[in-house]
Amino acid sequence: MQSPAATPLPGPVAGFITSARVGRLATADAGGQPMVVPICYAFDGAALYSAVDAKPKQSPPEGLKRIRNLRANPRVSIVIDEYQEDWTRLRYVIIQGRADLLTGGPQFSHGVDLLMAKYSQYRALGLARESGLMIRVTPSRVSAWQYSS
């Protein structure tokens with residue numbers, strides 16, 4: 001199943017995106033070199049939000065490769081998948097779209113609220129609502145697959 005972003009997603013696809021705990025964000029630098037990183041995210045039905053938070057990192061947030069890649073090339077893909085040993089339960093969603101970097105404002109606070117509602121770890125970290133660094137991905141295309149016999 002493929003859906004342009006402007007088309008509402010079928011309920012099971014939107015529900016899977018909303019309930020899944022982790023996705024993999026693929027970015028590429030200006031030269032096209034890809035990189036994939038796991039992300040925690042929240043989905044509001046129109047966009048996905050992922051905070052660049054206070055967990056330990058090797059570089060300050062602005063120096064992270066994914067952030068440098070997004071500044072050079074905002075086109076991204078996210079895969080959200082479920083693996084089971086029972087292969088009749090396999091499924092995934094691939095989201096292609098554009099990423100924006102948010103550092104404050106109403107959309108930033110909205111993303112924080114969604115993330116804190118979904119992850120108790122963010123409530124424990126005390127994710128700031130006023131400012132920080134947040135990745136917002138607006139889907140332009142969504143593809144979903146699940147095993148069917």
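This is a predicted model: local features need pLDDT of at least 70, side-chain atom pairs count only at pLDDT 80 or more; totals for chains, interfaces and linings use all residues.
Residues are numbered from 1 along each chain as its sequence is written, and side-chain values use heavy atoms, with hydrogens and water left out.

Let me begin with empty space. Rolling a probe the size of a water molecule over the atoms shows where such space is left. On a 1 Å grid over the protein atoms alone, a cavity is a set of points where a 1.4 Å probe fits but cannot get out, whereas a pocket is an open set with protein on both sides within 12 Å along at least five of seven lines, and lining residues have an atom within 4 Å of a point. Grid points are joined across faces, edges and corners, and a volume is the space filled by probe spheres set on the points.

The second largest pocket has a volume of about 170 Å³. Eleven residues line this pocket, and the closest to its centre are Pro12, Val13, Ala144, Trp145 and Gln146. Helix 1 (11–19), strand 7 (91–104) and strand 8 each supply at least two residues of that lining; helices here are DSSP runs (H or I, at least four residues), as are strands (E, at least two), and both are numbered from the N terminus. By residue type the lining of the second largest pocket divides into nine nonpolar, one polar and one charged, where Ala, Val, Leu, Ile, Met, Phe, Trp, Tyr, Cys and Pro count as nonpolar, Asp, Glu, Lys and Arg as charged, and the others, Gly among them, as polar.

Val13 itself lies in helix 1 and counts as buried, at 10% relative accessibility; buried means under 20% relative accessible area, exposed over 50%, and partly exposed in between, with a 1.4 Å probe and protein chains only. Val13 and Val93 are 80 residues apart in sequence, yet their C-alpha atoms are 7.5 Å apart in space.

The lining of the largest cavity divides into seven nonpolar, one polar and no charged residues.

Next come the aromatic pairs, of which the count is two; rings of Phe, Tyr and Trp (its six-membered ring) pair if their centres lie within 6.5 Å, and planes under 30 degrees apart count as stacked, over 60 as edge-to-face and the rest as tilted. The rings of Tyr92 and Trp145 have centres 5.5 Å apart and planes at 25°, so this pair is stacked. Because Tyr92 lies in strand 7 and Trp145 in strand 8, the pair ties together parts that are 53 residues apart in sequence. Tyr92 is partly exposed, with a relative accessible area of 32%, and Trp145 also counts as partly exposed, at 38%. In the pair of Tyr119 and Tyr122, the ring centres are 5.8 Å apart and the planes stand at 85°, so the pair is edge-to-face. Tyr119 is buried, with a relative accessible area of 4%, and Tyr122 counts as buried at 4% too.

Ala20 is buried, with a relative accessible area of 12%, and, not counting residues up to four places away in sequence, touches Tyr41, Ile80, Lys118 and Tyr119, where contact means heavy atoms within 4.5 Å.

I will finish with two polar contacts, that is, pairs of N or O atoms within 3.5 Å; within protein, one must be able to donate a hydrogen and the other to accept it, and residues adjacent in sequence count only if both atoms are side-chain atoms. Arg136 lies in strand 8 (residues 131–146) and is buried, with a relative accessible area of 17%. A polar contact of 3.5 Å joins its side chain to that of Gln107. Ser109, in helix 3 (residues 106–118), is buried with a relative accessible area of 14%, and its side chain reaches the backbone oxygen of Arg129 at 2.7 Å.
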